[in-house]
Amino acid sequence: MPDDLAGGTRLEGLAQAVDLMPTVLDLLGVSVPGTVESRSLVPLLEGRAKKVRDIAISSPTIYNARSKEPPTPDTRSSITDGEWLLVYGPRAAKSAGTAYTAAVDSRLREIKIVQGDIRPELYDLRTDPGCEKNVIDANRGQARDLHRAYLAFLKERKIPESHLDYFREL
């Protein structure tokens, strides 16, 4: 931990859970492997940067290489820039029936999909930190910006084009 950072200090900046490993390695002076796509938070901790990323994404497995099935609409991701939060899932026609998902242990499990149409949601975190009022209809531009950043994130991770088709529409 940087010497001048007191315990209990709150820093502004977006981070993802995957950023912890490169941060710990950085603090220990160990090189971060080139295959790691996450970012060290040390520049933020040391005050050398105001942010280490523009958006943060929380998502279940987006693509299962073993499955040829399309993603289900309930496989939703949260995309935030710190002010706005987009809750978004693939635009797949299937919203009922059977699907499969891999848990942390990578075992494929059957799940039942019972909900109807699942639409994207947008929340203004500055005025609604509890995410109680979906404001997507009045703020389509903000939703489009976050969706565009999410799609770029998926492309950077080399998600197959056939799978990306489910994420192209907002």
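These entries go from the sheet to a single side chain.

Ground rules first. I worked on a predicted model, where local features need pLDDT of at least 70, side-chain atom pairs count only at pLDDT 80 or more, and totals for chains, interfaces and linings use all residues. Residues are numbered from 1 along each chain as its sequence is written, and side-chain values use heavy atoms, with hydrogens and water left out.

Entry: the sheet. I found 4 strands in an open sheet, ordered E1-E2-E3-E6, with antiparallel pairing. Strands (E, at least two residues) and helices (H or I, at least four) are DSSP runs, numbered from the N terminus. Two strands pair if DSSP finds at least two bridges between them. At the edges I noted E1 (56-58) and E6 (121-124), each pairing on one side only. From one strand to the next, the twist averages 15°. Angles run from 0 to 180 degrees between N-to-C directions, on axes fitted to C-alpha atoms, for helices over the stretch in contact.

Entry: the helix. H3 (residues 140-156) packs on the sheet and touches E1, E2, E3 and E6. Contact means heavy atoms within 4.5 Å. The direction of H3 makes about 65° with that of E3.

Entry: E2 and E3. I counted 4 bridges between E2 (residues 77-80) and E3 (residues 84-88), in the antiparallel sense. Ser78 has Val87 in E3 as its bridge partner.

Entry: Ser77. Another polar contact, of 2.7 Å, joins the side chains of Ser77 and Tyr150. A polar contact is an N or O pair within 3.5 Å; within protein, one atom must be able to donate a hydrogen and the other to accept it, and residues adjacent in sequence count only if both atoms are side-chain atoms.
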